[in-house]
Amino acid sequence: MLKILSLMIIALFLITACETQKQNIPSEPETTTEAELVNNTNSTNETEVIIVEAKPVIVFTPRNENLTMYVLDIEGNAIIFQYKNKAILVDAGSEIDSPKVLKAIRDLGIEKLDYIFATNTKPKNIGGMPYLILRTTPSNIVENGIPSTYKSYKEYKELYNETIIIKNDQVFNMGDFAIKVLIGYDDGYGFSPNLDDNSLIIKVTYGNANFLLMSDCSLDCEEKIKNDGVNAEVIKISNSCDATSLAFLQRVNPTWAIVSGKHDNFCPNVIDKFNNLNIPVFITQDKGNIFVTTDGLDFKIDWNKDG
C-alpha cells in the first residue's frame with residue numbers, strides 16, 4: 001500500500017512540472033505590418049519594433065477642362081500634355097524612369113496615348129520607350145528617323161516600326177489644340193553632325209497660349225529655327241551652355257522657363273540670361289514635378305515634390 005501511495009505522489013509531481021514548463025514558453029509576437037517591423041528581435045530576444053515613416057506618394061490629378069503640361073521629376077526627360085480625352089507624351093525618359101512615367105500616365109486616367117514624340121535618340125529621352133509602348137499602345141510615334149545603336153532604340157523599333165518621320169516642319173491638329181514640330185535639318189543641308197541639332201522642337205498651341213520644348217537644340221539649331229514662330233509663354237530648355245542664346249531668348253519672350261535636371265548640371269551663364277531678363281526659372285530638382293495649366297489665355301504653374 002505504501003509503495004502504491006509513493007508512486008502516485010511521484011506521478012502528481014511530474015504532471016505539475018510539465019504544466020509549469022508549458023506556462024513558461026514565451027508567446028509569439030503580435031503580427032505587424034512590413035512598414036512597422038524592421039527588426040523583430042534584439043540581443044536579449046525581446047521584440048523590437050521600429051516605426052518607419054512612409055514617404056508621401058505623389059498622385060497626378062487630371063485637369064481636363066484646361067490644357068495641362070506635366071514636366072516629370074525624373075532622371076531623363078518626359079513631358080505629358082493632356083486636354084480632355086487627348087494625351088501626348090514628349091520623350092519617354094530613361095529606362096530607369098519607366099515605372100514613374102507609367103504611373104503618371106495612369107494617374108491621369110490615360111489608357112492610350114495619341115502621340116509619343118521622340119525628340120532624339122538619347123537614352124535619357126527614349127530609354128523608357130519599349131516599356132511604355134507595351135503598356136500604353138500609342139496610336140502614333142514621331143521621330144527624326146536617324147538610326148541609333150542604343151539598345152532601347154533597337155527594342156522600340158522592333159515593337160513599333162511604323163513611325164512618322166519628320167522631314168519638314170509639320171503641324172499635328174489635335175482638335176482644340178495643335179502641335180507644331182520644328183526642325184533645323186530641313187535647310188537643304190540635311191542632318192547635322194551634331195546629333196543634338198537634329199532634335200525635334202515641339203511647340204504646343206492652345207488658344208493664345210504657347211509652349212516651346214527645345215529638347216537638346218543647341219545654338220546652331222536655334223539659329224536655324226528662329227524665324228519659325230518660336231514665341232511662347234512657357235519654354236522648356238536644356239541645361240547646356242551650348243544653347244539658349246540671348247538673341248533667341250528675346251525672340252521667344254517667355255514668361256516662365258522650366259528645366260529638367262539638377263543645379264550642378266545647369267549652365268550658370270544661361271541662368272544669368274534669365275535673371276537679366278527677369279524670367280523665373282523652375283528646376284525639377286527644386287520643385288519636383290511641375291504642372292502648367294492654361295485655359296488658352298491665362299496660365300497657372302504649380303508643383304509637388306516626392307519625399
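Predicted model: local features only at pLDDT ≥ 70, side-chain atom pairs only at ≥ 80, totals over all residues.
Residues are numbered from 1 along each chain as its sequence is written, and side-chain values use heavy atoms, with hydrogens and water left out.

The protein contains nine helices and 15 strands; helices (H or I, at least four residues) and strands (E, at least two) are DSSP runs, numbered from the N terminus. Of its 307 residues, 44% count as buried, where buried means under 20% relative accessible area, exposed over 50%, and partly exposed in between (1.4 Å probe, protein chains only). Among contacts (heavy atoms within 4.5 Å) with a separation of 6 or more, 54% are made by residues 24 or more positions apart.

Next comes the sheet. Eight strands form an open sheet of mixed pairing, in the order β6-β5-β4-β3-β2-β1-β14-β15. Its edge strands, each pairing on one side only, are β6 (164-165) and β15 (299-304); two strands pair if DSSP finds at least two bridges between them. Within the sheet, β3 (residues 86-90) runs parallel to β4 and is joined to it by three bridges. Here I88 stands opposite Y115 of β4.

T119 counts as buried because its relative accessibility is 2%. Its side chain makes a polar contact of 2.8 Å with the side chain of D91, and another, also given as 2.8 Å, with the side chain of S215. A polar contact is a pair of N or O atoms within 3.5 Å; within protein, one must be able to donate a hydrogen and the other to accept it, and residues adjacent in sequence count only if both atoms are side-chain atoms. Residues up to four places away in sequence aside, T119 touches V90, D91, N125, N144, N198, S199, L200, I202 and S215.

Leaving aside neighbours within four places in sequence, S152 is in contact with I126, G127 and P130. S152 and P123 are 29 residues apart in sequence, yet their C-alpha atoms are 7.1 Å apart in space.

V171, in strand β7 (residues 170-173), is exposed, because its relative accessible area is 54%. With residues up to four places away not counted, V171 touches A178, I179 and K180.

Finally, the largest pocket has a volume of about 460 Å³. On a 1 Å grid over the protein atoms alone, a pocket is an open set of points where a 1.4 Å probe fits, with protein on both sides within 12 Å along at least five of seven lines; lining residues have an atom within 4 Å of a point. Grid points are joined across faces, edges and corners, and the volume is the space filled by probe spheres set on them. The lining comprises 29 residues, with I74, E75, G76, S260 and G261 nearest the centre. α3 (123-126), β11 (234-237) and α9 (284-287) each supply at least two lining residues. By type, the lining divides into seven nonpolar, 12 polar and 10 charged residues; Ala, Val, Leu, Ile, Met, Phe, Trp, Tyr, Cys and Pro count as nonpolar, Asp, Glu, Lys and Arg as charged, and the others, Gly among them, as polar.
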